[in-house]
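Dear colleague,

I am handing over the structure we talked about, and it is shown just below. Please have it open while you read the notes that come after it.

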Amino acid sequence: YGSRRYKFVERIDYSRLRDFVVYIDQAAPVGEGQPAQAAMTVQRDASFDPHVLPVAVGTTVRWPNEDEIFHNVFSMSDAKEFNLGLYNKEKVPAVTFDKVGRVDVFCAIHTKMHCIILVLPNAYFARADASGHFSIPHVPPGTYKLRAWHERLPSQVKEVVVPADGEVKIDFELGLSELPKY
C-alpha cells in the first residue's frame, strides 16, 4: 500500500469490521420460533441502512427513500433478481425474498450504494453488537449447525447442542489466515 500505484486502494482495518451475522444454518427447527420482524432497508444520505440485513426466507423488505433525490434499487443476484425502478419519497416499494442466499443490492444511479440482504433458512439468527456479542433466543433443544458470517471473511460453522434448560455459550473468531505481517 505504500506505493503511489495503490494510493486509491481502500485499506481494510479488519479489527473494526461490523455487520457480523450468526445463524442456524439448516432447515427451521421445530419449536415456537421467533416472531416475524418487519424488515426495512432505508436509503439515507445516498447509502443503504443497514448495510447488511439478515432476514428469514419469506420475509418482505420495504425500501423507503428518505433522500431528496431519486434512487433506482436493483439486484441481479441468483437468490433474488429485482428492479424497483426510479423513485423518490412518495413510493415505498417492497420485495419478498423467497430463496435462501446472499442478495447484493445496488442503486443504478449511485455507484457507491451497495447493501446485502442475507436470506437465511429460518428466523434463528442474530447480528453481533458493537462488542461482538450475540444472542439467539428461543431455540428449541437439539443439535444444530451454527454459522458465523461476514461479507469480507470466510464464514465458520460450529456444531452446537442446545439443552432443554439453560444457555449455551459459543465463541467464533473469524479472520484471514496467512496474511503478510508488516
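This is a predicted model: local features need pLDDT of at least 70, side-chain atom pairs count only at pLDDT 80 or more; totals for chains, interfaces and linings use all residues.

I begin with the largest pocket, which has a volume of about 1,000 Å³. Its lining is made up of 37 residues, and those that lie nearest the centre are Phe-134, Ser-135, Ile-136, Val-168 and Ile-170. Sorted by class, the lining of the largest pocket has 24 nonpolar residues, together with 7 polar and 6 charged ones. Among the strands, β1 (21-24), β13 (142-150) and β14 (153-162) each contribute at least two residues to this lining.

Two of those strands, β13 and β14, also belong together as a hairpin, with 2 residues between them. They pair in the antiparallel sense over 8 bridges, and within that pairing Thr-143 has Val-161 in β14 as its bridge partner.

Elsewhere there is an open sheet of 3 strands, which runs in the order β2-β6-β9 and has mixed pairing. Its edge strands are β2 (39-40) and β9 (94-97), each of which pairs on one side only. Strand β6, residues 59-62, pairs with β9 in the antiparallel sense over 4 bridges, and Arg-62 stands opposite Ala-94 in β9.

The peptide bond that joins Asp-49 and Pro-50 is cis, with omega about 5 degrees, and Pro-50 sits in the loop between β4 (47-49) and β5 (52-56). Asp-19, although it is not a glycine, has a positive phi of about 70 degrees; Asp-19 is found in the segment before β1, and with a relative accessible area of 19% it is buried, the limit for that word being under 20%. His-138 is not a glycine either, and has a positive phi of about 65 degrees. His-138 lies in the loop between β12 (125-127) and β13, and at 47% relative accessibility it counts as partly exposed.

With best wishes

Technical notes:
Residues are numbered from 1 along each chain as its sequence is written. Side-chain values use heavy atoms; hydrogens and water are left out. Two strands pair if DSSP finds at least two bridges between them. On a 1 Å grid over the protein atoms alone, a cavity is a set of points where a 1.4 Å probe fits but cannot get out, and a pocket is an open set with protein on both sides within 12 Å along at least five of seven lines; lining residues have an atom within 4 Å of a point. Grid points are joined across faces, edges and corners, and a volume is the space filled by probe spheres set on the points. Ala, Val, Leu, Ile, Met, Phe, Trp, Tyr, Cys and Pro count as nonpolar, Asp, Glu, Lys and Arg as charged, and the others, Gly among them, as polar. Buried means under 20% relative accessible area, exposed over 50%, partly exposed in between (1.4 Å probe, protein chains only).
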